[in-house]
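Here is a short briefing on one protein structure. Look at the model first, then read the points below with it open.

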Amino acid sequence: MDRTVPAGLDSDILQMTLDAISEFASRELGDAVLIDLDERDEFPEALVRKMCGEELGVQMLFIPEDYGGMGGSAVDVYRMCEHLAGVDLGVATAVLATALGSDPISVGGTEEQRARWLSRIAEDGLLMAYGATEPQAGSDLGALSTTAVPTVEDGVVTGYSLTGAKQWISNGGVADLYSVLALAPGGPSWFVVEQGTEGFTHGKHEDKHGIRLSNTAALFLDDVRVDASCLVGGIEGQGLVQAQLVFGYTRLMVAAFGLGAGWSALDRAMPYSTERIQAGGPLSEKQGYTHKLIVPHVVRLEAARSCIEETAERLDGGEGALTTEGAIAKYLASEAGNLAADAAIQALGGYGYTHEYLIEKIRRDVRITTIYEGTSEIMEMTIARDRWQQHLKTRGDWYHERGRSLEALHASRADVGAGAAALAQHALAAVLEACRVERLTRNQHVLFRIGHLVALAEGAAAMSRQAARSLSGALHAKSGSRLEPEALATAARINGRDVALTVATEGIRWVIGGAGDSFDPRGLTDAVALSAIAACQAGQIEDLDRLADHLYRRSPT
Ligand SMILES: Cc1cc2nc3c(=O)[nH]c(=O)nc-3n(C[C@H](O)[C@H](O)[C@H](O)COP(=O)(O)OP(=O)(O)OC[C@H]3O[C@@H](n4cnc5c(N)ncnc54)[C@H](O)[C@@H]3O)c2cc1C
């Protein structure tokens, strides 16, 4: 059971697909239409069906070529998701729901099941829904209570009766086909259920804070009879494994949503700031404005992109599920997207607070990215647990090793922030070791804060590596980097310093906060190399100025 690694699209085909989406969006989904649909809380079903129909066929990208799709790679899918999120996150969610719904079939389905359903999604543009969450089983899917009772004839299982309820299901009220997770005698299992099957109904379109252009509804199953051939993979009890196997991949899709939404907010705030005159000059020329509301958000978003791109490339290289890396990418990108959209409202002042300028809608929309496909807290837990194990297994060397590798990069390229990123890795190793000695991960809060620091440190490392690749012209041919090589290097330096300082100070905070009075803090400040990290902050303002100049296309002063 595995996701087959697709060859992916040629760069020009990917670009044509993205251009076609832009053209469709500017024709059908202009600002006034988006504001109206959002206010009326309406899912534009006809438009979404057009996008998944002959006109655009966006769903083809994630269906393998063998089943009539385009066989997009993880890099292709991330680029498309970022692009769609820049159009509208609700519409993007409708497309994501089909991808998610088809995933259990892609990874766990039999050959016959793949041919039967994936081909229909590719050819007929079926909308799918992914029914995992239940009223009492959200983050903890193991608590699910929807049951699948086998129907046995002459000792052979011929079908199942599904009974239960699902909650917050994207496309729940409009899909043609549903993947439903239910508890069979052999354990949680995925079943494919057709719309209109007797006993299968859905609730009202939920009235949501954001992504109001996406249909979200509860599902109700009352003795819904499905044939045994609808059990994905034909073996009971594979459901949670099948869900886990695609997390690395599906979380990248939501990461790309955070990236696309965050950038679309900044893409509106930046031009505004060049035209808005306050105190005798444009806002874009005021450091107190750009260095708080624009530049740090570009840095955080592009750091997240580095993680997304590295993980996508590794998935395409067949490196396995990469669940932790997918979680890091999702965590960084969705949190960065939220912060960026929030800052963009501030950047427009009173105008940002109105419906007309759309940024407040983006802010409401992007909020979902830290909730669905695993909340940020669940990401922190997933990341922390995995890397904690690595720390123990390597006797504390896991992040020191990563620090040494970044030092080697710094020795060959001193301008990509790898020195600061290395300090961050060593500081993280010291914090983890102090947590081990003081047995602090018994505190869930400390464990989750470790997850946060791990994500930041790995993001800084990825960004330095990507900046180095960019400077030597070796970024992936389909990289979506928004920064030219020198600017990406500048952003990596800014990010490296910020992350090193956060890892050290937050690490100290939680170790000392969790340990008893007998703990001597001086040893820890030395172990995290706090003075070296303080010293490496030199040049931060100059780099913030430099990146602002790049973003606003002006020559350095
Ligand atoms: C608009 C929308 C669309 C969605 N689409 C789909 C879909 O298509 N298919 C689908 O199956 N699901 C979907 N979901 C469900 C979504 O994945 C869940 O809402 C999410 O996983 C969180 O589950 P929950 O809402 O039950 O919250 P809970 O799990 O109850 O979490 C509530 C809070 O507690 C925190 N928390 C949870 N567990 C722990 C813990 N062990 N330790 C510490 N803190 C914890 C969480 O981080 C969160 O902050 C959607 C949700 C929304 C809102």
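Helices (H or I, at least four residues) and strands (E, at least two) are DSSP runs, numbered from the N terminus. Asparagine 171 sits in the loop between strands β3 (156-170) and β4 (177-184). This is a predicted model: local features need pLDDT of at least 70, side-chain atom pairs count only at pLDDT 80 or more, and totals for chains, interfaces and linings use all residues. Residues are numbered from 1 along each chain as its sequence is written, and side-chain values use heavy atoms, with hydrogens and water left out.

**Loop residues**

- Asparagine 171 has a positive phi of about 65°, although it is not a glycine.
- Asparagine 171 counts as buried, at 0% relative accessibility. Buried means under 20% relative accessible area, exposed means over 50%, and partly exposed is in between (1.4 Å probe, protein chains only).
- Aspartate 41 lies in the loop between α2 (31-40) and α3 (45-51).
- Aspartate 41 is not a glycine, yet has a positive phi of about 55°.
- Aspartate 41 counts as buried too, at 16% relative accessibility.
- Glycine 516 is in the loop between α17 and α18 (521-527).
- The relative accessible area of glycine 516 is 44%, so this residue is partly exposed.
- From glycine 516 to glycine 172 the C-alpha to C-alpha distance is 51 Å, and the two are 344 residues apart in sequence.

- Asparagine 338 is part of helix α10 (residues 323-347).
- With 6% relative accessibility, asparagine 338 counts as buried.
- Not counting residues up to four places away in sequence, asparagine 338 touches Arg363, Val366, Arg367, Thr369 and Thr370. Contact means heavy atoms within 4.5 Å.
- Threonine 370 lies in the loop between α12 (359-366) and α13 (376-393).
- Threonine 370 is buried, and its relative accessible area is 8%.
- Neighbours within four places in sequence aside, threonine 370 is in contact with Lys330, Ser334, Glu335, Asn338, Thr375 and Ser376.
- Threonine 370 and glutamate 335 are 35 residues apart in sequence, and their C-alpha atoms are 6.6 Å apart in space.

**Helix α13**

- Isoleucine 383 belongs to helix α13.
- Isoleucine 383 is buried, with 0% relative accessible area.
- Leaving aside neighbours within four places in sequence, isoleucine 383 contacts Thr324, Ala327, Ile328, Tyr331, Gly451, Val454 and Ala455.
- Isoleucine 383 and leucine 453 are 70 residues apart along the chain, and 9.7 Å separates their C-alpha atoms.
- The axes of α13 and helix α15 (residues 418-438) come within 11 Å and cross at roughly 85°. Axes are lines fitted to C-alpha atoms, for helices over the stretch in contact, and angles run from 0 to 180 degrees between N-to-C directions.
- That angle makes α13 roughly perpendicular to α15. Angles under 35 degrees count as roughly parallel, over 145 as roughly antiparallel, 65 to 115 as roughly perpendicular and the rest as oblique.
- Trp388, His391 and Leu392 of α13 meet Ala429, Leu432, Glu433, Cys435 and Arg436 of α15.
- The residues of this contact of α13 with α15 divide into five nonpolar, one polar and two charged. Ala, Val, Leu, Ile, Met, Phe, Trp, Tyr, Cys and Pro count as nonpolar, Asp, Glu, Lys and Arg as charged, and the others, Gly among them, as polar.

**Helix α17 and its partners**

- The axes of helix α16 (residues 444-471) and helix α17 (residues 485-514) come within 9 Å and cross at roughly 160°.
- That makes α16 roughly antiparallel to α17.
- The contact of α16 with α17 has 16 nonpolar, nine polar and three charged residues.
- The axes of α17 and helix α20 (residues 540-551) come within 9 Å and cross at roughly 145°.
- On the α17 side, the contact residues include Ala487, Ile494 and Asp498, while those of α20 include Asp543, Leu547 and His550.
- The contact of α17 with α20 divides into five nonpolar, three polar and five charged residues.

**The nonpolar core**

- The largest nonpolar core has 190 residues. Such a core is a set of buried Ala, Val, Leu, Ile, Met, Phe, Trp, Tyr and Cys residues joined through side-chain atoms within 4.5 Å.
- Leu89, Leu162, Phe191, Ile294, Leu547 and Leu551 have the most contacts inside this core.
- Residues up to four places away in sequence aside, leucine 551 touches Met270, Ile294, Val295, Val298 and Leu483.
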